[in-house]
Amino acid sequence: MRPRYTAAWLGMATAALVATTACGGGSAKDTAEDTGRKAGAAVGKSSGQIMAALTRATDRTAQAGSAQVATTMSLTATGGRPVTMNGTYSWGDGAAMDVLMDTAAAQMSSVQDDPTTQVKMVDGAYYYGVDPQPSGPLEGKHWMRIDVSAVVGEAGADNIADNADPTTGLRYIGASKDVKDLGEEKVLGRRAEHYRGSVGAEQINGSKLTPAEKKAALGALQAGGGRVTYDVWVDGKDLPVRVKQSGAGMDVTIDFLKFGATRPITAPPASDTADLTEQVRAQRDKALGQ
């Protein structure tokens, strides 16, 4: 059976273009100092205090190195049906994840009968657990491999590698010109301070994306209201409890259940893996008009 690349693949690719370009680089300290000078009025804390709090949270998260997470993502391209991803994110030794996704919502039912699909990202590639097929590229294989760059482009893949921490929303807020402290709330049974900021076309225009990628990302951004909003809830230990991203055809919520002490994430055996990078890259390029 030949895998069918549906709107889910292309929707995730376009949304990822926006997600991976919102942070244009620079340290947490740099963004804190810059935004502290230009942020708008905040509730409860001054702009400088807000950025100091977000910088502490960024530093504490970087030190943790990994976390058990529960993620929910919905894409306009797939009709807004939520896709859940629960498992482990690791960033202490390069970007990696090992999660279980809802098979039907991820549109993987053609190659996976189980209601959940295991997905890994490790060593610059995505790996999808599949049922061995009787013929085609997945014949006799339990895993499908796709380079990250085939999904998000070379610039997007580099940015994922440079910003492996799944709480990059903390740094994205640092790129915002208007960060607000919305006060204390209870999230996952923990008291946490709620911060909100947004970024727009200026981050995409200043990125290293190709012209076609910029056009797609800007189109998705404009269709979603022209801004991507980031909400972050930080607890009393300076660790994020929840990070939420909304805009550009995508809503993502990441709940952090436990930091540190997770098992190493490794790639599946090459002998049991089919590489479909070029097929996905060709469809992505076609969708971008390249």
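Author: Leu100 has Gln118 as its bridge partner in strand S4. Strands and helices here are DSSP runs, numbered from the N terminus, with at least two residues (E) for a strand and at least four (H or I) for a helix. S4 covers residues 116-122 and runs antiparallel to S3, to which 6 bridges join it. Two strands are said to pair if DSSP finds at least two bridges between them.

The model is a predicted one, in which local features need pLDDT of at least 70 and side-chain atom pairs count only at pLDDT 80 or more, while totals for chains, interfaces and linings use all residues. Residues are numbered from 1 along each chain as its sequence is written, and side-chain values use heavy atoms, with hydrogens and water left out.

The loop between S3 and S4 contains Thr103. With a relative accessibility of 2%, Thr103 is classed as buried; buried means under 20% relative accessible area, exposed over 50%, and partly exposed in between (1.4 Å probe, protein chains only). A polar atom of the Thr103 side chain lies 3.3 Å from the backbone nitrogen of Thr116. Leaving aside residues up to four places away in sequence, Thr103 touches several residues, among them Met108, Asp114 and Thr117, where contact means heavy atoms within 4.5 Å.

On its other pairing, S3 (residues 96-102) meets S2 in the antiparallel sense over 6 bridges, and Met85 has Met101 as its bridge partner in S3. S2 and S3 form a hairpin with 5 residues between them, and Gly94 in the turn has a positive phi of about 95 degrees. S2 (residues 83-90) is also joined by 8 bridges to S1 (residues 66-75), and these two run antiparallel. Tyr89 in S2 is the bridge partner of Ala67.

These strands belong to an open sheet of 12 strands with mixed pairing, in the order S7-S8-S9-S10-S11-S1-S2-S3-S4-S5-S6-S12. S7 (180-187) and S12 (273-275) stand at the edges with a single partner strand each, so one side of each has no neighbour in the sheet. On average, neighbouring strands of this sheet are turned by 20 degrees against each other, direction ignored. Helix H3 (residues 47-64) lies across several strands, including S1 and S8, and runs at about 105 degrees to S8. Such angles run from 0 to 180 degrees between N-to-C directions, with axes as lines fitted to C-alpha atoms, for helices over the stretch in contact.

The term denotes a side-chain nitrogen of Lys or Arg within 4 Å of a carboxyl oxygen of Asp or Glu. Asp231 is in S9 and Arg196 in S8, 35 residues apart. Asp231 is buried, at 5% relative accessible area, whereas Arg196 is partly exposed at 37%. Another salt bridge, at 2.5 Å from N to O, is formed by the side chains of Arg242 and Asp255. Arg242 lies in S10 and Asp255 in S11, so this pair ties together parts 13 residues apart in sequence. Arg242 is partly exposed, at 22%, and Asp255 is buried, at 13%.

Definitions and conventions. Polar contact = N/O pair within 3.5 Å; in protein donor to acceptor, adjacent residues only side chain to side chain.
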